[in-house]
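Here is a short briefing on one protein chain. Keep the sequence and the structure in view while reading.

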Amino acid sequence: MKLRKQVTVCGGAIFCVAVFSLYLMLDRVQHDPARRQSGGNFPRSQISVLQNRIEQLEQLLEENHQIISHIKDSVLELTDTGAVSPNGHLPFRSANGSWVLPFDGRPTFLSVKPLDCQFALARRGQADLQMLDVYSLLSFDNVDGGVWKQGFDITYDPTEWDSEPLQVFVVPHSHNDPGWIKTFDKYYYDQTQHIFNNMVVKLQEDRRRKFIWSEISFFAKWWESVDIHKQEAMRKLIHSGQMEVVTGGWVMTDEANAHYFAMIDQLIEGHQWLEKNIGVTPRSAWAVDPFGHSATMSYLLKRSNLTSMLIQRVHYSIKKHFASTRSLEFMWRQAWDPASSTDIFCHMMPFYSYDVPHTCGPDPKICCQFDFKRLPGSRVNCPWKVPPRAVTDGNLAERAHLLLDQYRKKSKLFRSKVLLVPLGDDFRYDKALEWDQQYQNYQKLFDYMNSHSEMHVQAQFGTLTDYFDALYKTYGVAPGTRPPDYPVLSGDFFAYADREDHYWSGYYTSRPFYKNLDRILESHLRGAEILYSLAVAHARHAGMEGRYPTSDYSLLTDARRNIALFQHHDAITGTSKEVVVIDYGNRLLRSLIGLKRVIINAAHFLIMKNKDIYRFYQTEPFLETDDRRATQDSLPQRTLIELESSPRYVVLFNPVEQERLCVVTVLVNSARVRVLTEDGQTLPVQLSAQWSSAIQMSAEVYQASFMARLPALGLAVFHLYDSADSPMTLRSDTVLRVPSHGQTIRGVDPLPLRSQMADSQPFYIHSQSLTLGFSGTTGLLESIRRKDDPQEVRVQIQFLIYGTRSSKDKSGAYLFLPDGNAKPYTQRELPIVRVVEGPLFAEVVAHYQHFQQTIRIHNVPGVDGLSLDITVMVDIRDQTNKELSMRIVTDIQSEDTFYTDLNGYQIQPRRYFQKLPLQANFYPMPSMAYIQDSQYRLTLHTAQALGVSSPASGQLEVILDRRLMQDDNRGLGQGLKDNKRTANRFRLLLERRTGSNRAVDGGPTSFPSLLSHMTSAILNHEVLALPVIPKKRGVPPLRTFAPLAATMPCDFHLVNLRSIQSQSAHSPSPFTALILHRKGVDCGLEAQNPGFNCTTTQGQLSISGLFRGLELQLLQPMSLSLMYSAAPLANDSTVTLDPMEISAYKLKLH
């Protein structure tokens, strides 16, 4: 073994000498003084010499491929801890202006198995209804349909039910928003608690009465406040089938802006609560109020073992089309599914709303007469001016026939003789009187119908699952199975319009500050879950469970529930009242502080070299947080590290499941900063100014940026000193491009600052991977050139403004109703533009009145250096009825096609339809959107959900913020006037198609590249820099914590490693849920060096060998929300995931 290692190292040395010699030759060409004079333009002879050198280098690399893999194995053995850093050579500047960094010393490669590329190219199971095709087919006219305004006249033959009677299930329900007009708590105390208290009494009065409930957030609050007798009564009602819990999530989640991590987590939180307290598993899903529906939700429900689902808010033209073809019930299949394994039975409600006037049949004037809460004397009446009448012996026959006529007409829109009739509305059944009014009157009608056989109807109260079970029984199929001849549908239901051209595409952006805060919370929750689970497992392994603060579990529970609450369809959407937004914000901030504490406490334990001297003190944290927020609506302030001559330690946490080579920036109080790795190697540091205004540097605070290689999901330790001898600390060059000479501009020693008058000439910044061109006048991006691409690609960024209509209907929190096309954003004076360049990053900051755009490129190999890091700081608080958009204009021949993601989980192809209004062509963008042609793909990755479109070929446009002064008549009663100073964060990635993959498929699926997936991961899961608090007794020895013993396949994402609850609220069980997602990947884009070893394994992963230093004692496949378990696997089993599959496993780690 020793001999083999020596041979490998010698072979490596020979290879390195060969490469280094060639490097010196190339370097001599670069340092030719004559060439420097020419401003970086090569004479032709030198280009050919350079090309020859490159070809030789490629040949040499090919010959030494085997040696590289041996070196890799040796290096991995030698550097098991993971935190390996660049060596001590100084960076230098090449002739074209880009900085060359010392070689990292770690060979990295990308090795994707050809079979792992097949999925993106494979043929799909054919769907009968492809939503993109449906959109192409429909004219979207708005013809008056008579009593059913948005539909058509329904007729029937009265004898149709003679041989098979109509089965009617009337399903009483109450839609409870966990925050909207009132806060969650106020709704609970004013209304929701009374609904539950009445339910327990009123359902027991008659066993034929049924009810359904959806939101566990409210249910849990009620349950914890009542005595054991009420709890037992409720449990009995649920187990007897009188009360059904539908979906069972913490909330009825928004489906446009929510990320799949949070959608899964709120489902788990609800289902875990039900398992612990009730012992019930939901079978059917109910989503009557989300503003449009996503295919991701149907997949998550299917993976959670629910058999059927119901949706309501779908564009009225689609409802009409589906009703006319009796396609309102269908098997919803994922567009990427090669077979039918993702199919779930879905019922789409046919009419305008889920309230009583729009659920019994097509005529709201008649249906309203059967909403007995609206009886004369009530505070709610019927807008159609015909009030309900209590059912008496005198009117029973007439009332029953009138209602049956509506039931029959509604049933004509469906394929079966089983009919679903919801009976409820927002916060209904909060008074005992309403329970009596609805149940007693309807029971009379049912008794009459059922006793008159000539009516050929069987009517009763039912739950949602009662309805679905009766439908399956009619066809003789198992629950969840496709009934004969029912259509298969793929696609989604965005954008939603409820009437006219009122498209609900405004809420994709409304209140972006909180959409961004939500994602920061999600990343912190995931990071805290993973580190907590690992820390508790390692503490158990070391027999130290009693000394670790396992009570942090209650902080995790609190954060899970507050983030889950924010996924509600009036929370993350930005569509609740200002006072409610503040309540959500305070909950999120409290949870963020709690999660940072969980992370710090776990990191403290995991980085201790000698666990025996570990001590936890609640009042004395070992580490500081990376940043702080003064209030729920303020931007974070990064923690300042005060340097001394003795070392300050910083712990870097990498929440991504792959090793990460990246630039990390910390704030320090000294320009004489020196950064060392754990093993004492000095790192190059780029020292930059901290700016207090567009032209003012801070004199007390500096930014120190350094390149770090961090272990996957790990913690690495770095030392920072205030040192007079810091030759590796290089200062940034800063130029301020100013519109006039009027301003006084001074640098702060030792940071140089030059100013120059702006001119119209473009200027450039460089890194080893990218050259960016900027407009000399606007300071905005004009072009991108990749290092391996001879051509400069036009990528222009523009800012525009939308107004709102002057007519009565205006944009609001929900609706986007613009006053025509966007107009260019203008201001009187040119912006101040700051250009910063240095060895590790270069950036351009353009200061405008209402926004400040920063575009930064990192000069490091791999993922972090291959895309543009973009931050747009937006502040439109002085605007009136304006929406600010950022448009990217290119020469990419994308025509009318663009691609947006659904919930960060999958890509949905879109088309810009000229037949639809502008606002109908905007779609949700939770994590990315792209355009492409046969040569290039340009992807805009986002760290917050926003609305996006492609208004013309080669363009992507994203709405950054909206300030609207009026309500848009959807019940909120407010405009959007509580705007905040908001940081919108993006990564822009330009990729080139490989020669063999020029064709761009126009099918129903598309997939990001591996590089694109990784770019999204680093944007959404930033490195946390946690300073160790100085100790009087000195800091004990620390070491890097690298939890993974093997590398994860790089098409796998570790969604979560979630400690599973026990009966105690304050500590977890010994079990952990591992949730994995294998991504679908497009291999047709040029592979780039990712900066770490990236391999795929055809979906196989050995979990027993995954976690270093821990023994796997249980490996049990689970349904996604942990409700159902399969037989445990052998602990040394390899699990296999198909592309796009999300799977959950219960682990016991010790």
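**Lys410 and its surroundings**

The side chain of Lys410 comes within reach of the backbone oxygen of Thr359, at 2.7 Å. The model is predicted, and its mean pLDDT is 92, with 91% of residues at 70 or more.

**Confidence**

- Over residues 14-45 the pLDDT is below 50, and the model gives this stretch 32 contacts beyond near neighbours in sequence.
- Residues 58-88 also have pLDDT under 50, and here the model has 57 contacts beyond four places in sequence.
- Where pLDDT is low, the predicted coordinates should not be read in detail.

**Lys410**

- Lys410 belongs to helix H14, which covers residues 396-411.
- Setting aside residues up to four places away in sequence, Lys410 touches Pro350, Phe351, Thr359, Cys360, Gly361, Pro362, Leu419, Leu420, Val421 and Pro422.

**Arg303**

- Arg303 is part of helix H11, residues 295-303.
- Is Arg303 buried or partly exposed? Its relative accessible area is 28%, so Arg303 counts as partly exposed, because buried means under 20% and exposed means over 50%.
- Arg303 and Met1118 are 815 residues apart in sequence, yet their C-alpha atoms are 9.5 Å apart in space.
- Beyond its neighbours within four places in sequence, Arg303 is in contact with Ser1119, Leu1120, Glu1141, Ile1142 and Ser1143.

**Helix H20**

- Among the buried residues of H20 are Leu1010, His1013, Thr1015, Ile1018 and Asn1020.

**Nonpolar cores**

- The largest nonpolar core has 274 residues, and those touching the most other members are Phe219, Met243, Phe322, Tyr407 and Phe493.
- A second, separate core has 35 residues, including Ile641, Trp691, Met697 and Val738.
- Tyr407, leaving aside neighbours within four places in sequence, is in contact with Leu166, Val168, Val170, Cys360, Leu419, Val421, Tyr442, Phe446 and Met449.
- Cys360, Leu419 and Val421 are in contact with Tyr407 and also with Lys410.

Technical notes
Residues numbered from 1 in each chain as written. Predicted model: local features only at pLDDT ≥ 70, side-chain atom pairs only at ≥ 80, totals over all residues. Heavy atoms only, no water. Helix = DSSP H or I, 4+ residues; strand = E, 2+ residues; numbered from the N terminus. Buried < 20%, exposed > 50% of the residue type's maximum accessible area, 1.4 Å probe, protein only. Contact = heavy atoms within 4.5 Å. Polar contact = N/O pair within 3.5 Å; in protein donor to acceptor, adjacent residues only side chain to side chain. pLDDT = per-residue confidence, 0-100. Core = buried A, V, L, I, M, F, W, Y, C linked by side-chain atoms within 4.5 Å.
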